[in-house]
Amino acid sequence: MARLPSIIAMILALSLMAPALATVHYIMPNYTWQLNHTISSGPGGGLPLPQLPANSSTSTPVSNPITNSTSNFYTSSPFSYYNYNQERIKVRPEGWQGPAVTYDNNSLSVYGERIMLYSGEFHYFRLPRSPELWCDVLAKIKAMGFNAVSIYVPWMMLEPLRGEWDEVGWFDLDLFIGFAQTNGLYVIARPGPYINGEVTGGGLPGWLQRTTPTLRTADLEFLQAAENYVVRVANFMAKWQVDNGGPVILYQVENEYSMSTDSYKGFPDNGYMQWLIEKAKNASITIPIINNDAWPAGNSRPGIGVGEVDIYGHDLYPFGLDCSAKDWPENATYTDLWSKHIGMSPGTPYTIPEVPGGAYDTWGSVGYDECVKLFDDVQARVLFKNSYAAGVKVFNVYMIFGGTNWGNLGNPYVYTSYDYGAAIAEDRTIGRPKYSELKLQANFFKVTPGYLAAMPFENMTEGIVGFQMNSTDDKLVATQLTGDFGTFYVIRHRDYRQTDDVAFSLKLPTASGRWHLPARSANFVLSGRDSKLLVTDYPFGGFFMTYCSAEILTWNSYNKTTIVIYGNIGEYHELRFTHPWADPILESSGVNLFADINTTAAQWTIGPDRQWAVINNYVYMHFENRKSAYKYWTVDLVPAYSEGASSIIVYGGYLIRSAAETWLEGGITTGLILMGDFNETTTLEIMNVPLLARTLTVNSDPVNYTVNEHGNWVVTIDYKSADNTGTPDLVTGLEWNYRDCLPEIQSDYDDSGWLRSVLMTNNTDTAPAYTPTSLYGSDYGFHTGVLVFRGHFQAARVKAALNLYTQGGRGFAVSVWLNDQFLYSFDGNLGTEGNDTLYYLPDLEVNYDNLVNYNLTILVDNMGLEENLIVGANRMKSPRGIMNYGIFDETVHNIVMPIDWKLTGNWKGEYYADKVRGPLNEGGLFAERMGYHLPGAPLSGDTSKNPFKDGLDKPGVGFWSAKLTINWDRIYDTPLSFVFQETDESKRAANGCRAWLYVNGYQFGRYIPKFGPQNEFHVPDGIIYTNGTENHIAIAMWAPNEGGAKLPWLSLKSGHPVRSTRIWPGDMNSFVAESYYDGREGSY
């Protein structure tokens, strides 16, 4: 404090000197690199080439320090279009010897510094085409206070053809992991080979259906099949691990390797786990190897020998994953998590690789709005704090952003949206209260290193020495965690479903004695379905919080100490903290303060307005209700020489992405730059501003600010609303061009290019062969989307019956034509994955002198391959296609006519043509094989049939395409979705149909109105263009039943525009090249 006058004098001197000093500079990241991708200029012109800011120089290739690849590094200021890294991944200190990442029974350490790994799951492959949007989501995760992101890696996308490796365009993991590092996030790599994740095959490639081994075991054939992927992905992650300067901090082998069939006697196959571990270590993986047991069963735990991982972890899903549940299940919060952990893995930090950030929803269920309600901010408070009570130090929320099951990505149970009810919605918005609730929790741990060494005392309330809690009817319990830097208490309901408020009082042991609380009220109150994480002897900014009955969000001690404390409206609270002042000056608003020698106490009741207290003009306490606390952001600063400011606290704003300082030659700070997003006119209060800062820039615009009575900067940001809501009428405003998408039923259709059914299946362990040759799609390289079969036979009987057993997964459909005559359809049932039907054929024409040829055309909808969670069941190998068939005589006893079969699926199968959109985007519909869904494809010119007004008047498949142009203001991030306007009448007119929506070639909607619940399909920016570039929109509709079908009317729905500083598609050289219709020579 004695130096303060001299510092003020320096500020005044600098103010006078500033015009004479050198130009203001920006503190920049030490690298912000992107791989150099080209941009196609195909039909329609594509997106415009990225333009550098006017004041920037042209980018020049540099060598990436990790990959040694040539990259582009913008030499200009990044602030106009990139939220640069807020907090650098720690770099190796000079002279450091040994591994970068170590651990003990308390926590992980990076270069000797303990960290709590607070992570969110984000599947990059569920947000395709625009890596710029990866940056946006990663920045939003970082802004929550998280320090890590967890990823699966999809084997089926990277090795769709055995022995090949497709890591091009947006599949390029270098981009994603580089962006994570640039955003200051560690990466938990979880490459499998099995990932589950509600993806087709659980991530296993479809060609495994042609192999014979038991999957996910040490069966030599499976190890040979997996080796290419396992070695490649381990080598890749090794170059990005922390030891090599990258962000990859943990490496998980396998996924939920926890269960098998009763008949499989080799489980757990520790030899298989050991093989995976050795492959990782042979690839120079030096970071800790972890697992995620599906529950705390002890599989692969340290100490078992063969197959043991370094750090044992288990998933925690006590609420289940049923979004249709009307309430939380009984007895689902576990109180023995810590004792189980130390009983299985006492030498490692308690690790939960998956805790529910929501749940997936299924066909025919309730929709993600219900998931959001069930897995809400209240659930996060109760469930997550129960995990903190158990001392968790590696914590991953699954999912933090769900994304989309676009392009046949999902398994048979899930529909297109994978929103998951996550904190960050599928459209990347962050308006759900859960986002803000997790921000409160994660930011607490950011400023609470004492938790990292604190150990739980699991005997709960009655066994804690010196602690006593009295609550109404003994309805509450507490868990204590003790350490050298603070003691922590998790207060929660004994019945966690309790909805009533419960009064309680405490006797708290502290370093300064035992305190009976509350001191000036009868009781505290714990709201129904709530939990609190309270502290005693808690250090903050050179002071000690003796006790606090409310929760701490964050604190900052740069140039003054600011601490933010919160609770629910109506709650009464007390705190006491120690300080060096014998007779401090006290100021407050809505708070009662009581000072003693070196101690100040506060009592307050939380109200709807903000409350505060100031102690000796140095400690600034903000007492907030929960909704007000949700508006806080703690933002890391790039260090400014000896200035020493490491972060600031900001109140207000939709999203504060980053903060940086401006400085003069010689390293003297002159100003502050904020980058953020705004969805309304907003007042910001900026706390703990760098002491020498004088100017404020928000989103590249210099702004004027005032200084309030607490010394905080206050500025109002004008939202400047945009008209990003106008969208054309999709039904009448577009010219829909129609094509028949089922030419295969015509007599003159040429199927000479199709594959003939000549193979014998190897998949006999899962589906014994009942047919002379295999009619399983995967035996011929077709693993995704609709399968089409043509069966040629010659009539030998007038009267005959067709028996057909087909399989496509839960909710699949099948339709059958004899020549161009419709025979029958099965339009789906969520209770079965197959259909066995006997159908009497119309009388056949028989001519023994000149046999009459007939053609069967059969469509089978592959809903995705099964997952393979249970070892020994080999469910992933459950075939898709025709399982059995026969043309029988009228007695249905004798097969009387053989059939010569051909089949097709996606164009070129495993040698798929569209390398940009990947191996799963297309199925076997005629329009898909021909590429008519791609941008630049010719329109048919037939506008006589509108898919919504006319549809199809008989069973068949129709394909419609149209051009759509949207021209919105690019600085506004506006969610956009296609909505089928369902009514009772329109659902009847849909008549069991199913449809696929394509946007610029990407299949972004699988619509089955019979099942639901999804009728709204979000399409991200970069898939759909909103900058005036023409979009190619297409719809395929399969009408399975007599009378045909019409689709419900389709509309565009725009969300609230957010004035955003995110990177826009085309702004960076990482922009992924587009692919266009090229005629597809040889397609049929």
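Reader: Among contacts in the protein between residues at least 6 apart in sequence, what percentage join residues at least 24 apart?

Author: In this predicted model, 74% of the contacts between residues at least 6 apart in sequence join residues at least 24 apart. The protein has 13 helices and 60 strands, and 65% of its 1084 residues count as buried.

Reader: Why are H9 and H10 called roughly parallel?

Author: Helix H9 (residues 377-389) and helix H10 (residues 433-446) pack at an angle of about 25 degrees, with 8 Å between their axes. Angles under 35 degrees count as roughly parallel, and H9 and H10 are therefore roughly parallel to each other. The crossing of H9 past H10 is right-handed.

Reader: Which residues of H9 and H10 meet?

Author: From H9 there are Asp-377, Ala-380, Arg-381, Phe-384, Lys-385 and Tyr-388; from H10 there are Pro-433, Lys-434, Glu-437, Leu-438, Gln-441 and Phe-445. Sorted by class, this contact has 6 nonpolar, 1 polar and 5 charged residues.

Reader: What makes H2 and H4 roughly parallel?

Author: The axes of helix H2 (residues 131-143) and H4 cross at roughly 30 degrees and come within 10 Å. With the cut-off at under 35 degrees, H2 and H4 are therefore roughly parallel to each other. H2 passes H4 in a right-handed crossing.

Reader: Which residues of H2 and H4 meet, and where?

Author: Pro-131, Trp-134, Cys-135 and Leu-138 in H2 meet Leu-175, Phe-176, Phe-179 and Ala-180 in H4. The contact of H2 with H4 has 8 nonpolar residues, no polar and no charged ones.

Reader: What makes H4 mostly covered?

Author: In helix H4 (residues 173-182), 10 of its 10 residues are buried. Among them are Asp-174, Gly-178, Gln-181 and Thr-182. Just after H4, Gly-184 takes a positive phi of about 75 degrees.

Reader: How do you know that Cys-323 and Cys-371 form a disulfide?

Author: Their sulfur atoms are 1.9 Å apart, and the criterion for a disulfide is a pair of cysteine sulfur atoms within 2.5 Å. The structure holds 1 disulfide.

Reader: Is that disulfide of Cys-323 and Cys-371 right-handed or left-handed, and why?

Author: The torsion about the S-S bond of Cys-323 and Cys-371 is about 110 degrees, so the disulfide is right-handed. The pair links distant parts of the chain, 48 residues apart: Cys-323 is in the loop between strand E12 (289-290) and helix H7 (337-344), and Cys-371 is in helix H8 (residues 368-374). Cys-323 and Cys-371 are both buried.

Reader: Why do Cys-741 and Cys-993 count as buried?

Author: Buried means under 20% relative accessible area. Cys-741, at 2% relative accessibility, therefore counts as buried, and Cys-993 counts as buried at 0%.

Reader: Why is Phe-1004 called buried?

Author: Phe-1004 has a relative accessible area of 1%, so it is buried by the cut-off of under 20%. The place of Phe-1004 is in strand E56 (residues 1002-1007). Leaving aside neighbours within four places in sequence, the contacts of Phe-1004 include Pro-128, Thr-404, Trp-406, Leu-997, Phe-1017 and Ile-1023. Phe-1004 and Asn-921 are 83 residues apart in sequence and 9.0 Å apart in space, C-alpha to C-alpha.

Reader: Why is Lys-908 called partly exposed?

Author: Partly exposed lies between the 20% limit for buried and the 50% limit for exposed. The relative accessible area of Lys-908 is 47%, so Lys-908 is partly exposed. Lys-908 is found in the loop between strand E51 (900-904) and helix H12 (926-930). Lys-908 and Arg-929 are 21 residues apart in sequence, and 8.5 Å apart in space from C-alpha to C-alpha.

Terms used: Residues are numbered from 1 along each chain as its sequence is written. This is a predicted model: local features need pLDDT of at least 70, side-chain atom pairs count only at pLDDT 80 or more; totals for chains, interfaces and linings use all residues. Side-chain values use heavy atoms; hydrogens and water are left out. Axes are lines fitted to C-alpha atoms, for helices over the stretch in contact, and angles run from 0 to 180 degrees between N-to-C directions. Helices (H or I, at least four residues) and strands (E, at least two) are DSSP runs, numbered from the N terminus. Angles under 35 degrees count as roughly parallel, over 145 as roughly antiparallel, 65 to 115 as roughly perpendicular and the rest as oblique. A crossing is left-handed if the near helix is turned anticlockwise from the far one by less than a right angle, and right-handed if clockwise. Contact means heavy atoms within 4.5 Å. Ala, Val, Leu, Ile, Met, Phe, Trp, Tyr, Cys and Pro count as nonpolar, Asp, Glu, Lys and Arg as charged, and the others, Gly among them, as polar. Buried means under 20% relative accessible area, exposed over 50%, partly exposed in between (1.4 Å probe, protein chains only).
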